[in-house]
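Open the model in a viewer and keep the selection panel at hand.

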Amino acid sequence: MSTAGFNSQNGTGTGQTYTNGPSQNPVALQQPPGVGYGMNHQPAYNPMQAKVLGPPSPALYASGPYQPVPPGPQLGSYPPPPAQPLLTRPQIGVLPSHTPPQSASPGPGPRQAQATPPAQATPPPPAVTSTSYYTGPPAWQYAAPWGPAPNHVNPAAAAPPHMSHGSAQLPGPGAPPTSIHGYPQPGTAPPPMNPPPPHTYQPNRPAYGPPPTAPPAGPPGATGTPPPPKVDAGAAQPGPPGRHLGHYPSLPPGYQNTLAPPPSSLHPALQAATLPYTQGPQPYQQQPGGPGPDQLSPSMAAMSLQSGTPEALRVVNLLQERNLLPPAPVPAPTPCLTQDLQKLNCSPEVFRCTLTSIPQTQSLLNKAKLPLGLLLHPFKDLSQLPVVTSSTIVRCRSCRTYINPFVSFLDQRRWKCNLCYRVNDVPEEFMYNPVSRSYGEPHKRPEVQNATIEFIAPSEYMLRPPQPAVYLFVLDVSHNAVETGYLSVFCQSLLDNIKALPGDSRTKVGFITFDSTIHFYNLQEGLSQPQMLIVSDIEDIFLPTPDSLLVNLNECKELVQDLLKSLPNLFEKTMETQSALGSALQAAFKLLSPTGGRMSVFQTQLPNLGVGALQSREDPNQRASAKDVQHLSPATDFYKKLALDCSGQQVAVDLFLLSAQYCDLASLGCISRFSAGSVYYYPSYHHQHNPAQVERFQRDLKRYLTRKIGFEAVMRIRCTKGLSIHTFHGNFFVRSTDLLSLPNVNPDAGFAVQMSIEENLDDMQVVSFQAALLYTSSKGERRIRVHTMCLPVVSSLSDVFAGADVQAVTGLLACMAVDRSVTSSLSDARDAMTNAAIDSLSSYRQSALTIQQPGLLAPACLRLFPLYILALLKQKAFRTGTSTRLDERVFAMYQLKYQPLAFAMLIIHPALYRLDDLSDEGALNINERTIPQPRVLQLSVEKLSREGAFLMDAGLVMYLWIGRNCHQNFLSQVLGVSSYAAVPEKLCLLPELDTAESQRTRALVSWLRDQRPFFPSLHIIRDESQLKPHFMQNMIEDRTESALSYYEFLLHLQQQISK
Ligand SMILES: [Zn+2]
């Protein structure tokens, strides 16, 4: 296959130029044959294909090229913009006080009666607005600040014909071209060299918290800055703390209980639980000298693994060692770097690599049989984020890499790029260090001291004025929707949080409701009440009054609040069962197109009317018995096409699916997947029958409405020359070879990429990776968040294994297996995952082990790999033999691709704790709350006891299982009941009792919930509970009807390896 283009991030010139192509025309985005992102194009070892080869089928998740679509009318289901004003069309429904001009509608429908009372003095909509959306060619484009930016659009022509947000003006033709066109061509022009402006390094930006610098006035190398925790390179590899490991009995599979280590031995690990990773956001350290050239050429040999076997490589016989789980969450491994470099390295919470030691060659990587890739959480909420305002953002002239802690300074005036090795000049203004307020210390600038940093972007980084925050809510109001009762919860949540919506004085909101028709709401300032406008011609959707449907939130807040208060009642008695979701989405797209923004869609049933209508594809009788799972791909490309149109206009679509019935998430989800939205799913949502889901919905909404948001974003991931990124996972659209289009970015989104080694890294000791996320903040600032990670290069297979990050490997394999399930089949994906474990352990045994010994052997750092693979096989996304609803399976697949690694791991391998003997020993103390830290138990029934109570934290859901003979003390002091029999059947709330036991239990549960962005519901279940099978299905180490126990799985692996 051609790999041309993959290196474009390195500025080699072989890459495709960034064409600025928003995706109105998906065909234009089609990659040339041979260049693709599907796993099938992977040149290197691909565990997902190791032993399973099948013909590629249409890829749902092939994140790259848009699938071939015949040109012509089929391109989109909606027609090109009409030549005549839309308002002349027939079929408009009702307008209480005015009828759109020239409306030749046959007449208002029966819904007219429900319309709100007349409002006066509504000016007729200006006819010009009918052309304000869906302009043929892209109306505006972003300069690509990181690469070739052949933006040939005339600035004047580029201005959208209708920019409704106030003072925002594009520079006219007279403006300097660079302010519009962005960066010059790489390598052909010098970087912009502006006169040194006043620096405004902003240590106290309120929104982000101050970077932990010493006060600028303080002496350099401030003694007040506490030194970071020392990382001993030699002992840095993770491994189980020194504790006794249980052993398997000689006769399998009679597992024995092994004693937990004495509590005192837990303490150090429990300490780590506060910071699950050893590296928090890097405090800014004023190091004398900085990472000068000397430190950047560390003698890797000195810290290599020659002095004895590191813990990561300790040989573990999996068939004998029983207790493999560390007592607290598994930490990320620390790369084997010099202390100076590691101290500056990016937090693993943001950036992780499957191999923390990068193999020197592709053939070495192929030998290890482990996938190479990055896992990112780029927009994570951070407590410490240095923010820099500077008119010159220093970047490599050749590859556009942002200056970072891992570049080298040849002297004060020149720095060498760590990605392409070009030597660049240090701009004059960079000579001044705003932190120490001294001159001549470019290596002490915050950009060179922080692996994660944010820049306020100057005008080169914008092609149009930053868009305002725009929120459009699209609500299902069919009979089914009203039955679930979700609408009142939604309206109340929005009313409660409306002041906390991220934004500024320009923030706009709008609402569309739909059943078999589409209803718009005129919220224009001056109206006494909101006006409902019904469009019943769903085949040819148009906007009745385009100017007054998205309104300024500040100016029209009262009307918005009125609407939210009246909406739930408005449809109370509806008998309309049909759902024209497709048309509603088209209408919403038209409304948002001129500005971009966020579309939040709430849907409760299978759309069954008009464009995008779907039919049920699930046969419940086949669920458990079918050999393979069908219908994981979308039934129609309508939603994907629309998503790409949205992406091109900077619109992201978030889907909230609340339904007891099959809704074909595999099709509907595409609307979010390719527009960089999120999918939320509440199966069996009902306001009365399912209080746990209602609580989850409420909590999720609160977070959703108030969390940080970035608009019109793009992310580019670069890596050192020789490495190449080729397959992306997550929700986005790949706009050019390595540029991800993210109309919205949120702090809860995770991404993964696969990599290969294209050129030998022989003469390199370290390589670097840089993710740059350019976005518009809700306050209208253009910002760039940059993360840079540095990793060592190694030449021996043992060193590659020693650096394996088992969780990152598992997370990436899960993404690849989702793709495989869709493009080939679920059974192929399952085989491929098993083979991944077989291949890597087999390779370890054959090529890395020096002394052969019997058993199933793994290096300590990979000791959890078979367990995690088995967990994946039993995960909802991939399991067989159990009745798994298709939508739930598809949703689980979405979660694996979209959740940041830390949360994905909880979904894959839940944490089990015993709760009836919680103590304060080793507890955390946070804000004067004592948080008990019970040991994480193996997921096996043998760990349960009838006398106990056990909490299983499975990410999105928690189960508290009460044993039949549970201690009376726990029942009364925590649950407030007199006996086991008195525990209610559907309990999802821990009562607030004034007892030490109750406080400890609630403190732990709420602390666990606080750790994540979504709200896990809690189910308190007895042994006879209906939910017990769900709890038991997560007992991954046990055998089920259709799946092996962990021990049996190990035997299977051993058998395959010794073949
Ligand atoms: Zn460079």
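This is a predicted model: local features need pLDDT of at least 70, side-chain atom pairs count only at pLDDT 80 or more; totals for chains, interfaces and linings use all residues.

Residues are numbered from 1 along each chain as its sequence is written, and side-chain values use heavy atoms, with hydrogens and water left out.

**Whole protein.** Colour by secondary structure: the protein has 26 helices and 34 strands, taken as DSSP runs numbered from the N terminus (helices H or I, at least four residues; strands E, at least two). Of the 1059 residues, 64% are buried, meaning under 20% relative accessible area with a 1.4 Å probe, protein chains only.

**Zinc site.** Select the zinc ion, then the SG atoms of C396, C399, C417 and C420, which coordinate the ion at 2.3 Å. Donors here are N, O and S atoms within 2.8 Å of the metal (3.2 Å for Na, K and Ca). The donor angles run from 100 to 116°, so the arrangement is tetrahedral (four donors, all angles between 85 and 135 degrees). The donor spacing in sequence is C-x2-C-x17-C-x2-C. C417 and C420 are both buried.

**Helix pair.** Next select residues 581-592 (helix 12) and 638-648 (helix 13), whose axes are 11 Å apart at an angle of about 10°. Axes are lines fitted to C-alpha atoms over the stretch in contact, and angles run from 0 to 180 degrees between N-to-C directions. The two helices are therefore roughly parallel (angles under 35 degrees). Show side chains for L581, G582, L585, Q586 and F589 in helix 12, which meet F638, Y639, L642, D645 and C646 in helix 13, with contact meaning heavy atoms within 4.5 Å.

How values were computed:
Angles under 35 degrees count as roughly parallel, over 145 as roughly antiparallel, 65 to 115 as roughly perpendicular and the rest as oblique. Four donors count as tetrahedral if all angles lie between 85 and 135 degrees; four count as square planar and six as octahedral if opposite donors are over 155 degrees apart and all others between 65 and 115; anything else is irregular. Buried means under 20% relative accessible area, exposed over 50%, partly exposed in between (1.4 Å probe, protein chains only).
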